[in-house]
Amino acid sequence: MSGRRKKTKQVETEMKVKITWKEIKRQKVLLFWSAIIVIYGFIFCYLPLGGWLMAFQNYKPAKGLFHSEFVGMDKFIRLFSDETFIRVIRNTLAMGVINLVVTFVMAILFAILLNEIRQRRTKKVIQTISYLPHFLSWIIVTGILHDALSGSGIVNEILKNLNLTEHSVDFFAHPSYFWPIVAFANVWKETGWNAIIYLSAITAIDPSLYEAAAIDGAGRLAKIKHVTLPGIKSTIIILLLMNVGNVLNAGFEIQYLLGNGLVKSVSETIDIYVLKWGISQGDYAIGTAAGIFKSIVSILLIVIANQVAKRSGEERLY
Amino acid sequence: MRRKHIKTLMLTALMTASLITGCGGGDGGSGGDGKKTSSGGDDGKSIKEFTAFFATPGSEINDDNEIQQIIAEKTGVKVKETWLTGQTAEEAIGTIIAGGEYPDFIEGGSGSPQLVDAGALVALDDYIDKYPNIKEFFTEQEWDSLRQEDGHIYWIPQFSNIYGEEKACEHNDEAFWIQTRVLKWADYPEIKTMDQYFDLIEKYYEANPKMEDGTENIPYTILCEDWRYFCLENAPQFLDGYPNDGSVIVDPETLKVIDYNTTPTAVRYFKKLNEEYHKGIVDRESFTQTYDEYIAKLSSGRVLGMIDQWWDFAYTAGDAIKSAGLDKQGCSYVPLPITIEEGITNQWHNSGGVVNASSGLAVTTSCDDVEAALQFVDDLLSQEIHDLRFWGVEGTDYNKNEKGEFSRTDEMRTRCADTAYKASHMCTYSYFPQWGGTSRDNINAMSPSGQASEFYDGLKDDVKECFDAYGAKTYVEMLGTSEAPGAWYPMWSYSNNITTNTDGGMAWTKMGEIKHEYLPKVVMAKDFEKGWDEYMEAYKKCKPEDFLAEMQTELDRRMEEAAKYQ
Amino acid sequence: MENTENKKRRRKKSSNADIAFTVFNSIFMIIFVIVTLYPVLNTLAISFNDGTDALRGGIHLFPRKFTLKNYTTVLEKNNLVTGAIVTVARTVIGTLTALLANAILAFIVSRPRFMFRKQLSLFWVVTMYVNGGLIPTFILFKGLGLTNSFWVYIIPGMLSAFNMLVIRTYMNGLPDSLVESAQLDGAGYTTIFIKIISPLCKPVYATVALFVAVGQWNSWFDAMLYNRMSSEYTTLQYELMKLLSSVTSTQGASAETMKNAVGAVTPVSVRAAATIITMLPIICIYPFLQKYFVTGLTLGGVKE
């Protein structure tokens, strides 16, 4: 079924083109555009990395990057000897991983299930509705969530009516509820939006494959398993690989808006730490140092993930 | 295909609609704001345009704002103001410095020291004497207190400066507030201590668990969201009869700083909250509610009492209570002069101005005409322009009787509070220097909020009745006024700006974090003593002594400076 | 015989499963729609509710005190027209240029023969995870003359690794036979890109266009940062943010600053109205793009 794709992959991996003048001439159009793109990328994405110097300085905007006092690894040492920073890394990682898994699974599930809706108009309407929350700001979404989970909110009403609890559960007072709440909020806001990409990938699946499966007597579940999922597998893998590198970007606003003193130990992320101990203190180095740490971890993670993908013969990032 | 047409139509309609409504507001963004000068006005008189950036949240006014136009015609200057959006002050100032391009005027907030370091500000010392209204704004001593390490004055603090007799009616500060219905029910008793306050709330709640419409009352709630947790943490300084120094208590006799977090009063206060929490008097959602939820609770009239700053709830919840007619049930709030024991003079309200020397309006080196810029500041402080800024246009925004007294009708009052009207008509130049107190005409207040008659007319009936019962006319009289504290005041103008660069600053930031995390736990703890001990253990690890030492140094410095003028 | 019997039985069994599946799916979708629609309807209700009244909370699906005032407040905002024009311009130009640039890049790195395929991909993948920070980027843009300019909305964000990878994955999935036969006919890379690959990539182009367009439409931070002082380049979202963030940007604020900023606090209802106004155009545009997702299906039929 996915033979077409497999074949492409083989071609790809087998093709080891030697760099010869003839080949260069042949690929001159590609090379020309690549050169432009590399120059562009160098200027806009790599040149600002010179700012990483700030992490090794007592950076003062007044003195600029070249005249600020050098302090070597001081800021890194300070970060990693701070218990709070270690705790914050734990929180970020935990929320990053939970969010990644939950939002990922939900988006794929939703895309596949939506695709199974036969009536085209219903499908369109549901899809349009599903991505609307993406356009609401976190402050609105968290506001509604707070409302729903409050002592007199709908969730507690339901729990009480089902006799599951006697007193209202104070969801925001217990650290153990915080991560699931954040995960739910992410799913709520982004599932429909994240599903768009899978829906577009599903459209690329050859309908004849479904027909063939139907002739083999496959039911809808079997079709999903043998046609749809393999059809969007490469998209899934690519997005998974990309997002693995993003687990340390678990967010800022949502935790900031949902958190409070009682759940502080689990709610603070690296970004919140940077705001509190770096930016708000006029200490740019802390933020940059934390940023470098995040970049290194991200790149390590994707290199590993990419290797795994390569070993199992899947689509890769590079 | 037809559906497609409809969609296209809708889209066009939407765009056109926004175009039309936008145009109704005037010539939109057609004015070349990027340029420094543009000629405006029908008479061909050239109006100089300055830019200003304020590193603080604020609301922008329209380009064609009416009063701004009037001021421009009178002074020949118009200032395009921009406010902080989605960034912290330090970050915004940091990028502006990195770019090296400044607006003409700037208020750096907590980023101000960075601006001085970068040499971005014009030293004002040599100019001040040339502008009488600016010169008059501060005393010689106050001006000197603004000098930075290099001996120059770079900014003019804009607020809390009193001209003539002080005219405060509102208590725009912190207090224990209580609904008038609670006081009325108990026949307006004298409430002087914290224990009496909670006793009263308890008794009222026992007798009236519900409101008239059946909603349950919430006896006492505490706002604890982010920086707004001052509602929980800083009461001990007031309970001991000290003014709001913000971060420490200053003993006026010995001139030593005292940590209010560890005083016996602090223990008693949190113990009381702990008891009340377990009695069900303190709202169980206190520590998890957001600001919006807190305001919603207050607005529904259910909350009998809380501690908060007036500005933090009065303009939102206070207005909502009024518009829902809940003031008729006695749901408006009045402050009570509470201390820990009877016999302590409270200092919830202090008279006199406060110079927050840590930041203010500055002129930058990018300004090509410093003299014109300062002339404008001078003009803004003249009585005529000042009235325009804070009262508005005579006849439209306020009336003047034969005695020269200003007053506003209800309609004028409501309109002046309207967001859209404020943007299109009012122009307070709110982050430029301004006066409080009495107008130079000796009749009116500098702004409507200080006008006694104006204030009394705007008062809700239940509050009037309550005031009458206590023989008070204003919120301030409910609390009583104390003399301005000593020359050190306010210490927060220093602690607000310290950073983790110093040991003291490090300790201060850590203390804040620990208090934020532990104080709710202390209040909720089953065993108060144990909870308090855990808190203290964590608190001591922050090295509060470093912070106190730094504050003591600053206090000594301030007193030394002040001694030069005695 | 036995075989067909078997098949029939299997079909019957699967049709039972199909029904169960349909029921489950319908329930899932109904719950999903309710849960996702609620916040939007709630925002809509609040946007039509009186501001002071809305403070009391408890508004769910319908406004309690109906008013249009929140919308007029937002629409009367200064500079909204300039902002709208700039936003439309940046969305249109930005989407077209970004789509073209990402498609070219994706095309290059999806060519099996291309000699630096792996290196060029890696070069871009890394950019997703590194960031020089606010101030260095600002200094760079200023040096390039991109501050106080419209082009800061277009040029820096033109290429993104994410969009490139999405297109690349799609292109990788296209049959090589088409390209090979074209190459035999003597077609160069440019012709292949324009004539053969791009028409097949409509669904993914539509997806990426949507991502870029939404990003362009919603962004305000760049307008705030780089065009703070030139209001002729303000964007719609920045103007709305000014209205909104006076409440939200209080992170790290202090009592002392807020005391002087009273009145800068925007009512929730105005916030809601601004949100709805932002959402409207996107809701209107999306159905146009959805069309291409369906086109993909029919194209798929002739693929192999």
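**Exercise 1. Work out what chain C of this predicted model is built from: how many helices and how many strands are there in chain C?**

*Solution.* Let's start with the count: chain C holds 14 helices and 0 strands. Next, follow the chain from its N terminus, and the order of elements reads α-α-α-α-α-α-α-α-α-α-α-α-α-α. Remember as you go that this is a predicted model.

**Exercise 2. Now turn to chain B and classify a helix pair: at what angle do helix α23 and helix α25 of chain B pack?**

*Solution.* Begin by locating the pair: α23(B) spans residues 503–524 and α25(B) spans residues 544–563. Their packing angle is about 125°, and their axes lie 7 Å apart. Angles of 65 to 115 degrees count as roughly perpendicular and those over 145 as roughly antiparallel, so α23(B) and α25(B) are oblique to each other. As for handedness, α23(B) passes α25(B) in a left-handed crossing.

Now list who touches whom. From α23(B), the contact uses B:D503, B:G504, B:G505, B:A507, B:W508 and B:M511; from α25(B), B:P544, B:D546, B:F547 and B:E550 take part. Finally, sort this contact by class: 5 residues are nonpolar, 2 polar and 3 charged.

Notes
Residues numbered from 1 in each chain as written. Chains lettered and ligands numbered in written order. Predicted model: local features only at pLDDT ≥ 70, side-chain atom pairs only at ≥ 80, totals over all residues. Heavy atoms only, no water. Axes fitted to C-alpha atoms, helices over the stretch in contact; angles between N-to-C directions. Helix = DSSP H or I, 4+ residues; strand = E, 2+ residues; numbered from the N terminus. Parallel < 35°, antiparallel > 145°, perpendicular 65-115°, else oblique. Left-handed = near helix turned anticlockwise from the far one by under 90°. Contact = heavy atoms within 4.5 Å. Nonpolar A, V, L, I, M, F, W, Y, C, P; charged D, E, K, R; others polar.
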